Number of protein chains: 2
Amino acid sequence: MPSWVVLGPGDDAAVIRPVRGTFDVLTTDAQVEGVHFDRRFVPAGAIGHRALAVNLSDLAAMGASPRAALLSLALPATLEVAAFDRMLDGLLALAATHGVTLVGGNITHTPGPLMLDVTAIGAVRPRRLLTRTGARPGDEVYVTGTLGDAASGLQQLQEASRTGAAFPGGSGVERYLRPEPRVRAGMLLGRNRAASSCMDVSDGLADCVRQVAEASGVGITLDASAIPVTKDVRDWQERMGRDALEPALSGGDDYELFFTSRPAHRGRFRTVCQQLGDLPITRIGVVTRARDLLLKDEHGTRALPAGYEHFR
Amino acid sequence: MPSWVVLGPGDDAAVIRPVRGTFDVLTTDAQVEGVHFDRRFVPAGAIGHRALAVNLSDLAAMGASPRAALLSLALPATLEVAAFDRMLDGLLALAATHGVTLVGGNITHTPGPLMLDVTAIGAVRPRRLLTRTGARPGDEVYVTGTLGDAASGLQQLQEASRTGAAFPGGSGVERYLRPEPRVRAGMLLGRNRAASSCMDVSDGLADCVRQVAEASGVGITLDASAIPVTKDVRDWQERMGRDALEPALSGGDDYELFFTSRPAHRGRFRTVCQQLGDLPITRIGVVTRARDLLLKDEHGTRALPAGYEHFR
């Protein structure tokens with residue numbers, strides 16, 4: 001245990017020492033079998049990984065440095081000990097990657113589905129905090145990485161599960177099973193004060209556009225041709241006779257960062273890109289005074305599809 | 001929202017300002033329908049109350065002052081909106097009593113039972129922190145309030161549910177439905193440095209004895225005649241042909257505080273009792289060097305019954 005963990009698991013509660021001059025950043029997110037994952041095609045290790053990843057992604061979106069996590073588990077009798085161990089290993093491996101300490105938790109049995117509820121705690125200096133509320137007209141809209149991979153990976157897994165085919169590999173499937181929370185990107189955006197607003201892409205790009213625009217009191221126009229979608233995803237969507245942008249706009253589970261940045265801060269933005277290395281960052285739109293949510297493509301400009309909830 | 005809540009619900013995570021010079025105390029505890037409560041006889045308001053109470057009780061056992069909570073809910077389709085509202089009202093009423101702010105959370109639907117997972121965050125000054133590890137031979141063993149009330153209240157509710165009788169009232173039932181976490185007692189014990197160890201009585205007295213003795217590397221001998229059990233509980237147990245001490249030793253859900261105190265610190269202890277007012281504190285045993293867990297009664301001294309898990 002690191003020195004700032006005063007008391008880890010084993011007492012009535014965990015005790016940690018806050019980082020001087022920082023705020024505590026707190027988030028909780030649950031993964032329920034049959035809602036957020038399907039044990040028939042999500043391996044136990046990936047279940048554990050995802051349960052922590054979705055929370056670290058929330059901390060990343062605040063510009064916070066992750067520190068500790070609490071794990072609350074509801075275990076059905078059907079969960080084997082070996083699967084339990086792999087689940088925990090998956091979670092702990094991701095925790096180790098990001099220097100996160102599991103300081104406590106709770107285990108109960110349940111007559112219902114497997115459920116993992118993680119609370120993650122991070123630290124952020126006041127001036128580095130990222131929120132959803134700071135987007136202003138004229139800001140540029142960006143997203144890290146590529147979008148739609150996880151949703152198309154999930155579709156491939158579901159398809160294989162339905163047809164009895166061998167489970168596919170590939171980057172989309174891997175992105176769905178083991179999303180990489182953009183912890184470093186979030187911290188660099190905060191540290192360099194390069195983003196005017198930020199949110200993680202958990203429920204699709206359209207949802208981000210709607211949430212950030214609403215929280216900031218602005219509109220956003222996306223450039224369809226700029227949205228970063230891999231050839232794999234485009235090919236898969238074409239094969240299934242669907243629009244190439246659908247998983248990016250309305251799919252979930254990408255856990256990239258969506259953010260806005262002032263044109264005047266392009267120097268800061270370039271610093272982030274340099275420090276970040278390989279992870280691409282793509283400009284996909286612009287913040288507008290008129291509070292419309294629009295998608296511009298070669299046919300013209302239309303209202304942005306309603307998003308994730310709509311498509312399910 | 002109080003001024004130390006930098007960001008409440010609505011962003012990717014909640015942000016709070018730690019109290020200068022304190023540790024963060026963090027705990028999470030889940031309540032699962034069919035495991036921790038039965039919706040047939042636990043009203044929705046009490047479900048919400050209990051979900052927070054069990055966590056505040058954990059903070060109390062650390063000597064911490066509660067500050068904030070996160071609520072993660074898994075809702076089955078069968079939960080009506082009115083019941084949801086009453087559940088939340090029950091939680092928020094208890095939060096208001098203890099000055100706790102609900103800063104965030106998560107809601108998901110579930111194909112399984114209703115589940116409420118609360119994470120509570122408190123603050124404690126380093127020298128006021130209470131743990132399970134500080135009991136030393138010669139320390140006196142104490143408990144707040146009375147024990148076995150909640151377990152006998154639950155038995156009465158179960159009995160009424162089985163027989164179709166009207167649901168009973170009474171203090172045991174009320175204690176089960178709306179336990180009062182001993183937040184003030186825990187804070188006073190910490191502030192006055194009056195306890196050498198502390199734990200909340202969530203799974204019965206025998207469990208506390210075992211846990212604190214193990215964590216501290218000591219033994220404990222309880223005086224059966226001193227264990228505070230109300231006449232109501234004794235009468236109920238007698239009517240059911242059971243031992244009067246069983247619900248105290250092996251029942252759960254009392255949420256009193258179990259603690260040890262050095263004889264040399266009796267002055268501090270008296271200060272706590274004076275400041276605490278009405279809540280009785282009873283001396284029920286002694287800490288021993290020999291690592292045995294014993295119960296002394298008029299027939300002699302015997303091994304302490306194994307506790308909660310054993311009886312279920």
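Modeller: Terms first. A salt bridge here is a side-chain nitrogen of Lys or Arg within 4 Å of a carboxyl oxygen of Asp or Glu. This is a predicted model, so local features need pLDDT of at least 70, side-chain atom pairs count only at pLDDT 80 or more, and totals for chains, interfaces and linings use all residues. Side-chain values use heavy atoms, without hydrogens and water, residues are numbered from 1 along each chain as its sequence is written, and chains are lettered from A and ligands numbered from 1 in the order in which they are written.

Colleague: Fine. How many salt bridges over all chains?

Modeller: The search of the whole structure finds 34. Four salt bridges are counted between chain B and chain A.

Colleague: Which residue does B:Asp12 meet in a salt bridge?

Modeller: A:Arg132, at 3.1 Å, N to O. The pair crosses between chains. B:Asp12 sits in the loop between strand 1 and strand 2 of chain B, and A:Arg132 in the loop between strand 6 (115-124) and strand 7 (140-144) of chain A. Strands (E, at least two residues) and helices (H or I, at least four) are DSSP runs, numbered from the N terminus.

Colleague: And why can such side chains pair at all?

Modeller: Opposite charges can pair when the charged atoms come close.

Colleague: OK, the interface. How many residues does the contact take from each chain?

Modeller: 49 from chain B and 49 from chain A. Contact means heavy atoms within 4.5 Å. Of the interface residues of chain B, 100% are also interface residues in chain A, so the copies meet through the same surface.

Colleague: What area is buried there?

Modeller: About 3,900 Å² between chain B and chain A, with 62% from carbon and sulfur atoms. That is the accessible area (1.4 Å probe) lost by two parts on being put together, summed over both. B:Asp12, B:Asp24 and B:Leu26 supply 18% of what chain B buries against chain A, more than any other three residues.

Colleague: Which element of chain B gives the largest share of the side that touches chain A?

Modeller: Strand 3 of chain B, with nine residues. By type, that side of chain B divides into 24 nonpolar, 14 polar and 11 charged. Ala, Val, Leu, Ile, Met, Phe, Trp, Tyr, Cys and Pro count as nonpolar, Asp, Glu, Lys and Arg as charged, and the others, Gly among them, as polar.

Colleague: Switching topic. What rotation superposes chain B on chain A?

Modeller: 180°, with 0.0 Å of shift along the axis and an RMSD of 0.0 Å. The two copies are thus related as by a two-fold rotation axis. B:Gly112 comes closest to the axis among residues of chain B, at 2.2 Å (C-alpha).

Colleague: Last one. What does strand 12 of chain B pair with?

Modeller: Strand 9 (residues 219-223) of chain B runs parallel to strand 12 (residues 293-297), joined by four bridges. B:Asp223 partners B:Lys296 there. Strand 13 (residues 300-303) of chain B pairs with strand 12 in the antiparallel sense, also over four bridges. Strands 12 and 13 of chain B form a hairpin with two residues between them.

Methods: Copies are superposed by least squares on the C-alpha atoms of residues with pLDDT of at least 70 in both. Two strands pair if DSSP finds at least two bridges between them.
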